[in-house]
Amino acid sequence: MNEMIIQTKGLTKKYRGRAAVDQLNLEISKGDIYGFLGPNGAGKTTTIRMLLGLIQPTSGSISIFGQELRKNKLNILRRIGSLVEYPSYYGHLSATDNLEAIRRILNVPKSRIDEVLEIVSLAKEARRPVKGFSLGMKQRLGIAASLLGNPELLILDEPTNGLDPSGIHEMRELIKNMPRQYGITVLVSSHLLGEVEQMAHKVGIIREGKMVFQDTIDNLRLQAQHDIELVVSEPDSAIWIARDLGQICTIQGGIITIPGMKDPQVAHLVKRLVDNGHAIYRVEQKKKSLEDIFMQVIGEGAL
Ligand SMILES: Nc1ncnc2c1ncn2[C@@H]1O[C@H](COP(=O)(O)OP(=O)(O)OP(=O)(O)O)[C@@H](O)[C@H]1O
């Protein structure tokens, strides 16, 4: 089994009696890029702040690198790099000088600054004052800062927020490389599935503080129920046969749509229709996009 890097059990945070995070069981394995998804206000930032020891959980436990966070906070945090909210910089100073201030606190070799600027593709801009940087460059500099201490785990809270498409692309490519090239496990939050689906192996989707899905993106696709569309010779009477078999269906423009049918149910319905003299012209599965599935999960809280 894969080594677990983050594991929370029943993690809960309440504000004035109301749960912002509710019984969360996060499971993130070594080498994962874990997309932590949910709409605004779902509880992502609150969870991340608990993982970074910035706020105390109301109840539940957090284990990181196999150790309990509460008991080994400094040891654990030393091994984590994070980017939470927009990082602030000294605008008049260069990228290198901004990183130098952090390097001294972390006490890592000076050569590490050039290494991290290289990783985030800012080596050529190293001497420019940061005030002239685009938002995307500032975010990448934030990642460079979080990499200074050679972390084994990166926690990034909405790193693509406010970036233009090319900034999002650069950030995505950068994150994708982390496990592969540097052996770093990544937790990245977002409110948009489209932003993480191309880089995350696994996703955790939260809604109103509760985990409603946690598994691979491939399984998210597989578990979704797709609509079946039927085109038959006499749709108005065919719909009654479908309803008689317990299917909830609608008809529009002569096309019968039935949500979430399993293969044996489709076979059974088709046979009944044929037995009743209907000609079947088309039976199609209308696949939902991953975005549709995500909206279904965060809308209804279940697949
Ligand atoms: N300090 C606080 N006091 C009271 N309520 C809070 C506090 N921090 C967060 N909340 C509430 O907890 C809920 C979850 O907020 P949180 O910021 O974790 O969501 P989020 O998923 O990160 O959303 P966003 O993407 O908007 O940041 C919200 O209803 C928020 O209003």
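Helices (H or I, at least four residues) and strands (E, at least two) are taken here as DSSP runs, numbered from the N terminus. This is a predicted model, where local features need pLDDT of at least 70 and side-chain atom pairs count only at pLDDT 80 or more, while totals for chains, interfaces and linings use all residues. Residues are numbered from 1 along each chain as its sequence is written.

Start with the annotated stretch. An unreviewed UniProt entry carries the annotation "domain: ABC transporter" for residues 6-233; such annotations may be inferred rather than shown by experiment. Over residues 6-233 the chain is 33% helix and 29% strand, and the end C-alpha atoms sit 56 Å apart.

Next comes the ligand. Around the ligand are Tyr15, Ala20, Gly38, Asn40, Gly41, Ala42, Gly43, Lys44, Thr45, Thr46 and His191, a residue being near if its C-beta atom, placed from the backbone, lies within 6 Å. Helix α1 (residues 44-51) gives the most to this shell, with 3 residues.

As for helix packing, the axes of α3 (residues 95-106) and α5 (residues 135-147) come within 10 Å and cross at roughly 35°; axes are lines fitted to C-alpha atoms over the stretch in contact, with angles running from 0 to 180 degrees between N-to-C directions. Ala95, Asn98, Leu99 and Ile102 of α3 make the contact with Leu141, Ala144 and Ala145 of α5 (C-beta atoms, placed from the backbone, within 7 Å).

Finally, helix α10 (residues 263-275) is followed by Gly277, whose phi is positive, near 85°.

Key
Contact = placed C-beta atoms within 7 Å.
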